[in-house]
Amino acid sequence: MDNEPIFEPEVIDLTPRRKRKKLWIALAIIVALFLFGSPLLTIYIDSLWFASTGYSAVYWYKFKLGGWLFLLFLVASFLLIRLPFFWLNRVLPALTEKPRVRLASIQDMRDINLLPIVYRPGVWILSAAVALLSASSMSQQWATFALYLHGATTATSDPVFHRDAGFYLFKLPALELVADWFLTLAALLFVVTALLSLYVNYIEKARGANTSRTNKQSLLPVNLAAAVLALALAMELYLNRFDMLTATHDLFSGASYSDVNVRLMGMTVLIVALLLAALLLILNGLVMRRGRVIIWTLGGLAAIWLIGVIVLPQTIHTFSVKPNELAKESPYIQANINATRHAFAIDGFEERAFQPTPTLTAQQVQANQQTLDNVRLWDRGALQAVLGQIQEIRTYYEFKIPDVDRYQINGQPKQVLIAAREMNVDQLPEQSRNWINQHIVYTHGYGVAMTTVNGFTSEGSPNFILKNMPVESSAPEIKITRPEIYFGESTNSHVYVRTKSQSATLPEFNYPAEGNNDSYTQYEGQAGIPVGGLFRKLALAAYLGDGSNLLFSDYFKDESLLLMRRNVRDRVKEIAPFLLFEEDPYIVIGKDGKLYWIIDGFTYSDRYPYSTEYRIANREVNYLRNSVKAVVDAYDGTAKFYVFDAEDAMIQSYRNIFPSLFLPSSEMPKDLREHIRYPSFQLNAQAAVYTLYHIQNTQTFYNHEDLWAIATDEVANTETGKTEATPMRSYHLLMQLPGEKKNMEFVNILPFTPAGQGRNNMIGWVAARSDGDNYGHMLVFSFPKNVTVNGPTQIRARVNQDPQLSAQMTLWNQKGSRLLRGQLLVIPIADTLLYVEPFYLQAENSPMPELRQVAIATQEKLAAGKTFEEALNLLVPELAAQRNAAALPPAASAKSSTEKLSTEKLSTEKLSTGQPMPLTGEMEKLARQAQQLILDYERLTAEGKHREAGEKLDQLKQTLNELAKKRNGG
């Protein structure tokens with residue numbers, strides 16, 4: 001009994017703890033998946049996708065650099081926040097003391113120090129939160145740091161600091177990111193330290209501690225935190241000096257006279273003062289520990305900033321620069337002119353004088369017949385509506401706005417409009433709109449539609465070169481061997497290919513064949529992500545939201561592939577997110593019969609010193625280059641990036657970063673290179689800059705004496721129904737440039753007018769060349785200042801005021817029909833300008849417009865006809881007469897149709913034998929009738945009655961034909 005324990009031995013059951021441990025682990029996994037599951041899933045799917053495109057190296061570089069930046073700034077931010085608080089614990093013991101609660105009286109409430117309860121966890125939470133936020137933010141700036149590490153030089157320097165422009169483009173952005181990060185942490189550290197010191201000081205005083213000792217004790221951390229903040233401000237201010245070179249003033253951008261001579265000195269003094277203040281604050285914290293030193297230091301810095309950086313520069317500007325502005329600012333204005341012209345590549349524009357003549361002669365027409373044969377009469381929007389009616393065939397097909405291009409057709413260069421027939425599964429019949437149809441069956445578009453820019457049937461519909469399904473071609477040079485379009489402008493959904501057939505047919509719908517027997521196919525390309533086993537299916541289902549459809553469908557087999565990011569613009573943007581891409585890709589037919597998309601890519605920046613910013617694509621840009629042409633295979637999605645501006649420092653830097661991503665332009669296949677074009681995005685941006693920066697003289701620039709503007713045109717607002725003056729869109733032409741020996745070139749054109757309200761006359765035009773070695777060569781044709789040339793708005797007004805056309809337009813806009821007006825084109829022909837505007841008629845119950853009238857004009861004349869040829873004959877009467885004469889037998893062709901026909905003249909004409917032939921009475925009658933018809937035609941033309949004049953011209957042609965028959969014994 002004596003050995004029996006008084007108390008029963010305690011039995012500890014460890015099972016509940018193990019269960020609790022497993023529960024905590026499971027909870028931690030769930031929390032981790034909630035916090036990091038989505039990013040990890042994105043990383044996994046992105047790695048698969050980049051591997052399928054062949055650009056794994058690009059992805060992993062971005063991922064690794066972003067990861068290193070995350071790790072670096074995570075550690076640095078955590079240490080910069082957490083370490084000072086370790087030291088602060090020793091300086092201010094009250095921060096970590098055990099809470100003392102003594103409530104003998106209400107006064108004892110003041111002695112309670114609650115801070116230690118929250119201080120330790122609060123410091124850890126604050127340090128971790130700041131570290132995570134900073135690391136996440138900085139890792140997303142991988143491109144900025146990549147440029148810092150691999151930035152090229154530009155061989156140009158700024159006129160103030162004499163640094164290479166590459167410093168501003170590549171080095172400065174990264175340095176400013178680091179400076180901003182350090183300043184943010186320093187400011188946060190100062191605020192928290194100051195609050196903690198004030199609280200501890202309050203507690204100690206409430207407890208009756210020595211006031212002087214307490215004050216000195218709390219001043220030490222505040223002084224040291226303020227010293228760190230002063231150093232951060234000095235670093236920030238040092239870098240801010242360079243931002244003066246991109247500052248915006250009323251006259252120009254860049255550092256001004258007062259900036260360079262006063263503000264820069266004030267900033268330098270303030271930087272020195274901040275460094276001295278940091279030393280003084282450290283000394284004050286360690287030795288003097290006087291609060292007034294902080295106040296006086298802060299006051300001194302504020303005074304230096306206010307006087308040296310704000311007041312004094314503004315005073316100098318007001319009382320010294322402003323009265324002598326041109327003289328003082330001229331060097332800086334010139335720097336702005338030079339930098340802006342170089343940043344937007346307009347310093348390479350070739351300027352030529354152009355003396356426009358008011359009329360168009362028959363000889364000029366004949367010499368430029370190829371240009372006239374390629375005048376675009378089909379408006380792109382009108383043609384899109386027509387294609388939607390006669391070439392979509394099924395509701396789930398869709399045409400975007402057709403693209404302008406050029407092809408060899410029957411041995412001649414022809415300007416064409418081409419559009420891809422893409423699949424839009426959102427337009428499937430409602431009963432067919434299910435997951436299988438949208439992602440497995442209806443996987444791709446099919447073929448293209450192509451028409452010449454002025455090809456019309458007798459009913460006013462397009463005269464197709466390529467049409468229908470399967471694709472039919474009327475041109476032997478153009479054949480399509482791979483018409484399927486898996487990657488395009490409208491392909492915004494993912495699809496699965498190489499799936500298992502569930503019937504006798506192949507799984508993928510190809511095109512609607514004749515007799516209701518649809519054609520089916522199976523994808524034969526190599527692009528795509530293998531669907532794989534259960535784990536990958538789970539990941540893909542979670543990422544794409546396909547759920548059980550993907551997991552349990554019987555359509556999938558080992559060879560099945562996922563095609564995602566099929567929108568070609570999104571595709572290239574995902575691969576090269578640091579480039580800016582044009583909104584409108586265009587489709588090209590290769591010699592191999594395959595379809596390719598070409599997308600123009602641009603490097604850009606807002607950091608080029610002394611260059612003026614312009615708003616482009618919803619961002620402020622002061623440097624722009626069209627350096628890249630991306631080509632995407634419409635069948636397998638292969639994307640290649642060709643460099644077309646190897647001198648661009650930014651693309652040189654990106655090539656240093658991604659050597660496997662970019663290819664030289666010489667490696668682009670010849671058949672694709674024949675279809676590259678100077679992009680409208682680049683031309684429109686450069687034209688906007690050129691309206692001011694064509695001026696290179698500082699005094700003219702200062703006075704704004706010769707400002708230009710992009711020509712405007714009246715465009716109908718579809719919502720209000722009213723016309724509005726809007727800047728013209730640049731347009732492509734296949735033409736012979738004035739003064740050039742080369743016959744036909746594909747150029748992008750945009751007209752200019754003088755700036756100012758109501759100044760609508762043209763003052764010049766710019767042409768961007770696209771072919772061969774001339775690609776990117778810009779020509780500016782400027783008119784003499786003493787010559788007035790009608791602009792597009794004035795020509796449009798003349799068309800509106802023409803009695804016959806006005807009446808016709810009113811008639812067309814009656815109930816049951818609607819008039820559509822095409823884009824007004826200004827076409828240089830030799831040394832004159834030809835204006836062309838097509839008119840379309842659209843019935844209310846049919847959205848298909850048809851060409852009904854073409855108006856053409858020169859400076860002096862206006863004509864309109866049912867066809868371009870008819871209108872041209874009315875505009876140039878001698879042309880019609882010459883063509884009629886050319887159609888006569890040799891004897892008759894010697895007679896000009898524009899001569900006044902008389903009995904005496906006709907009686908002396910000779911036949912091909914050279915013998916005179918007397919006129920019979922009937923022939924004399926026909927001659928007098930022809931003479932009267934010519935007189936009537938000239939009178940009606942002068943009165944502006946173009947339709948009646950055209951009728952007279954037709955009668956003249958018949959009369960001359962009858963006369964020719966009589967003279968030949970008919």
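Before you click on anything, "buried" here means under 20% relative accessible area, exposed means over 50%, and partly exposed is in between (1.4 Å probe, protein chains only). You're looking at a predicted model, where local features need pLDDT of at least 70, side-chain atom pairs count only at pLDDT 80 or more, and totals for chains, interfaces and linings use all residues. Residues are numbered from 1 along each chain as its sequence is written, and side-chain values use heavy atoms, leaving out hydrogens and water.

**Stop one: H19.** Select residues 680–693, helix H19. Helices (H or I, at least four residues) and strands (E, at least two) are DSSP runs, numbered from the N terminus. From first C-alpha to last, H19 reaches 19 Å, close to the 20 Å expected for its 14 residues; that expectation is 1.5 Å times one less than the number of residues. H19 is mostly covered, with 12 of its 14 residues buried. Among them are Phe681, Leu683, Val689, Tyr690 and Tyr693.

**Stop two: Ser519.** Jump to strand S12 (residues 519–521), where Ser519 sits. Ser519 counts as buried because its relative accessibility is 16%. Show its contacts (heavy atoms within 4.5 Å): leaving aside residues up to four places away in sequence, Ser519 touches Glu508, Phe509, Asn510, Tyr511 and Ala513.

**Stop three: Val75.** Now go to helix H2 (residues 56–91), which holds Val75. At 41% relative accessible area, Val75 is partly exposed.
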